[in-house]
Amino acid sequence: MGKHLAMMPLWVGLAAAQVQEVKNPHTTPADIAAGAKIFRSHCAECHGVGGEGGRGSALTSGEFFHGGSDAALMRNISNGIPGTEMPGVFFSPAQVWQIVAYVRSLSESAAREAVAGDAGRGAQLYRGKAGCVACHMIGGDGGRQGPDLSAIGSRRSAAHLRKSILEPGAHVEVEYWVASARTRDGRLLSGFVLNEDTHSIQLLDSQDRLVSLQKAGLSGLSIDKSSRMPSYRGVLADQELTDIVGYLKSLRRQRRSE
Amino acid sequence: MRTMRFCALGMFLAVGADAQLTFDRLLKADSEPDNWLTYSGNYRGWRHSGLDQIDRSTVKDLKLAWVYQMPVTMKIESTPLVVDGVMYVTEPPSNVVALDTVTGRQFWRYRRSIPEPVNVCCGAVNRGVAVLGDRVYVGTVDAHLVALDAKTGRVLWDVAVADPRTGHSVTVAPLIVKDMVILGIAGGEYGIRGFLDAYDAKTGRRRWRTWMVPGPGEPGNDTWSGESWKTGGAPTWVTGAYDPDLNLIIWGTGNPSPDWNGDVRLGDNLFSDCAVALDADTGKMKWHFQFVPHDVHDWDAVQVPVLVDADWQGKPRKLIFWAHRGGFYYVLDRRTGEFLLGKPFAKQTWAKGLDDKGRPIRNPGIDPSEEGVIVWPGVQGATNWYSPSYSPLTRLFYLTAWENGSLYRKGAAVYVPGNRYIGSVPLIDLKEAPGWGAVRALNPLTGETVWDYKLHTKPWSGVMSTAGQLVFGGSMEGHFYALDAQTGAELWRVQLGGEMATAPITYRVNGKQMVTMSAGSGVFTFSLP
């Protein structure tokens, strides 16, 4: 045993408290309607008006990677999910319960998103003709110059993926803005901005090195917000595009439990 | 030298982290003291650095270089690793942050979402990462092992180690051996059945698991009465050592469960409170040495094994130096586990001594009772998991020592999955006699104390020695200090304003030796001006 055992008398009570299961007390049709209203104004931008997904995960499958219990949904909507793009909302507990009720209704009424493409052919195109693997990583295999796609099928809708391949510049995450820094002795470095403050900037450079620069040593610094990815419009046939989207949609989060 | 290529850019370009950290580099970690590549600095558990820019004459000039404040409130127990200009340090409960070693500024941060309440006895903490290739490995309090991309912090794989609902958690820093991630488990206060695991570093697939409580038909199972082996504890929550010549992983195991009531687990309770040696390729146990058979005082053997080749009675021998929580210092043979020496290094009242096999000869009346009995050392031991250090220059063994006793009580022990299974609530700190602490230097071949640096309170920090003939350590109330490795004289001290519960490391970047220590929620790094 480690340390700080002075807290021990609290244990018994804590252990008993963990057994309680929290249930959503706001599940009437009126609650769902109220939840839908909040959802449209605060959640739909990422999750889609009908919960079909977009930048955010689809909410129609009934599967919730970060926990599907009422308590987990309550916590994740209230607090956001650490390490993801999901922020928390500033509503009263009753209102968050209404959102939970609406989110549950989505998986009861909507069908799973149908994906047309041939995932097997898409995987071949991904590694072959399209060359995506050079810049994107799946399960630790691939490059770092584009977003990791290991679980992209859980996080983005098919429509969003298709658009991203045809118009990569339509939405570029801040993490993929490119800084170009010129040092006072004339060298040029460029890379994704990982962190920045008044005096320094931290980059993942184009050769996959972690670099920390003092701004006092720079003669120039600029940020390019456009995408480094080329458009595949006219490069891939429509069916090929559909197959790649099918492959990407097949990349799902693996459940963490044993 | 990896950082030299950027010298033309002057001081403002920290580093280029493009080299792979291979197993070969880990084996030769002593030859690149600019880095701190593994939990104890080398596989032998020395926590010693070959850097000497900061020495007995210059240490008085140490100044703060940077601080990284963790945006968490829990205690830092993490040993940072430094690999080619990047520091990888864990934040409690199970986050990882990559920092620039020059400025302390962040490259990336992995935030672990802990899905449900977790059962950890003594704080949701983490003791650090392991690095191999361009991957960073971290265990989590919800009992998973996660591989991250060292350049981005993205998750490459995430595997379940055990069920957190039954009191399993991972707090230990993993150890890389060959192409495997060696990982221990915590949960000795929840009646888990302890084990040590090896995972394929590339895929996360488990290669082997060695149970630290043997099952029916396995050697040692008869040291547990009835079904008690199923909930016998013996966790593995502090990083062990590796001997590449013998191909042995040497690791310490924790207390049997329940901690303070042994009536439900009669017998010696193997392999709790043991040093164990496992074949690295198969996990097969080659030998064990049990410090305390049938422990009823919670005296885990979770110390870092210190592996040294030295002359023993005139002949070269592969040795292990081990100061155990129960208050005895041991020398063991590394090939066989044979007991060679045992001697108290702190006040203890529970044993008359050790027999010729190293088995303690117990005093009467030392077992926990309903009314309570005072025994030295206390529940936290005469030392605990705090890293010791061995200096090949002074040939001294340095450790954090506690002089203290506790009131040990015995109570009911009923196993309920996920609940505490400890068998009483002892009085750990005696109000009128809280005890005191020290950094203690031992002659490792005799166990005799060479010097003591006394502290008013009992420190939770480990120690590090350097080629600058210094020993660094920290106190419970936030004093970070440097001692003369030969004499124990204090040469430098600074107050960092927070409890220290980890051990220092040192590294060099842009030609400067840096010393890092955590206190409170901050990671503090010092260098010469």
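What follows is a short briefing on selected parts of chains A and B.

Keep in mind that this is a predicted model. Chain A has nine helices and seven strands, and 30% of its 258 residues are buried.

- Take the contacts in chain A between residues at least 6 apart in sequence: 61% of them join residues at least 24 apart.
- A:Gln124 sits in helix α6, which covers residues 119–127 of chain A. It counts as partly exposed because it has 15 C-beta neighbours inside 10 Å.
- A:Gln124 and A:Tyr247 are 123 residues apart along the chain, yet 9.2 Å separates their C-alpha atoms.
- In helix α4 of chain A (residues 70–79), the buried residues are A:Leu73, A:Arg75, A:Asn76 and A:Ile77.
- After α4(A) comes A:Gly80, with a positive phi near 80 degrees.

**Chain A: two helices that cross**

- Helix α8 (residues 158–166) and helix α9 (residues 238–249) of chain A have axes that come within 10 Å and cross at roughly 125 degrees. That angle is why α8(A) and α9(A) are described as oblique to each other.
- The crossing of α8(A) and α9(A) is right-handed.
- On the α8(A) side, the contact is made by A:Ala158, A:Leu161, A:Arg162 and A:Ile165; α9(A) brings A:Leu241, A:Ile244, A:Val245, A:Leu248 and A:Lys249.
- Sorted by type, the residues of this contact are seven nonpolar, two charged and no polar.

- How many of the six residues of strand β4 (residues 86–91) of chain B are buried? Six of the six are, so the strand is largely enclosed by the rest of the structure.
- In a regular strand, side chains alternate between the two faces of the sheet.
- Both faces of β4(B) are covered, with B:Val86, B:Tyr88 and B:Thr90 buried on one side and B:Met87, B:Val89 and B:Glu91 buried on the other.
- Strand β3 (residues 81–83) of chain B pairs with β4(B) in the antiparallel sense over three bridges, and B:Leu81 stands opposite B:Tyr88.
- β3(B) and β4(B) make a hairpin with two residues between them, and B:Asp84 in the turn has a positive phi of about 50 degrees.
- β4(B) also pairs antiparallel with strand β5 (residues 95–100) of chain B, over six bridges. Here B:Thr90 has B:Val96 as its bridge partner.
- Three residues link β4(B) to β5(B) in another hairpin.

**Chain B: an open four-stranded sheet**

- Four strands of chain B line up in the order β19-β20-β21-β22 as an open sheet with antiparallel pairing.
- β19 (306–312) and β22 (339–344) of chain B are at the edges with a single partner strand each, so one side of each has no neighbour in the sheet.
- Direction ignored, neighbouring strands of this sheet are turned by 30 degrees against each other on average.
- β19(B) pairs with strand β20 (residues 315–323) of chain B over seven antiparallel bridges; B:Val308 has B:Leu319 in β20(B) as its bridge partner.

**Chain B: a loop residue**

- B:Ile422 is in the loop between β28 (406–408) and β29 (436–442) of chain B.
- Is B:Ile422 buried or exposed? It counts as buried because it has 26 C-beta neighbours inside 10 Å.
- Neighbours within four places in sequence aside, B:Ile422 is in contact with B:Glu189, B:Pro258, B:Asp259 and B:Trp260.
- B:Gly191 is 231 residues from B:Ile422 in sequence, with 8.0 Å between their C-alpha atoms.

How values were computed: Residues numbered from 1 in each chain as written. Chains lettered and ligands numbered in written order. Predicted model: local features only at pLDDT ≥ 70, side-chain atom pairs only at ≥ 80, totals over all residues. Buried ≥ 20, exposed ≤ 12 C-beta atoms within 10 Å, placed from the backbone. Axes fitted to C-alpha atoms, helices over the stretch in contact; angles between N-to-C directions. Parallel < 35°, antiparallel > 145°, perpendicular 65-115°, else oblique. Left-handed = near helix turned anticlockwise from the far one by under 90°. Contact = placed C-beta atoms within 7 Å. Nonpolar A, V, L, I, M, F, W, Y, C, P; charged D, E, K, R; others polar. Pairing = 2+ DSSP bridges.
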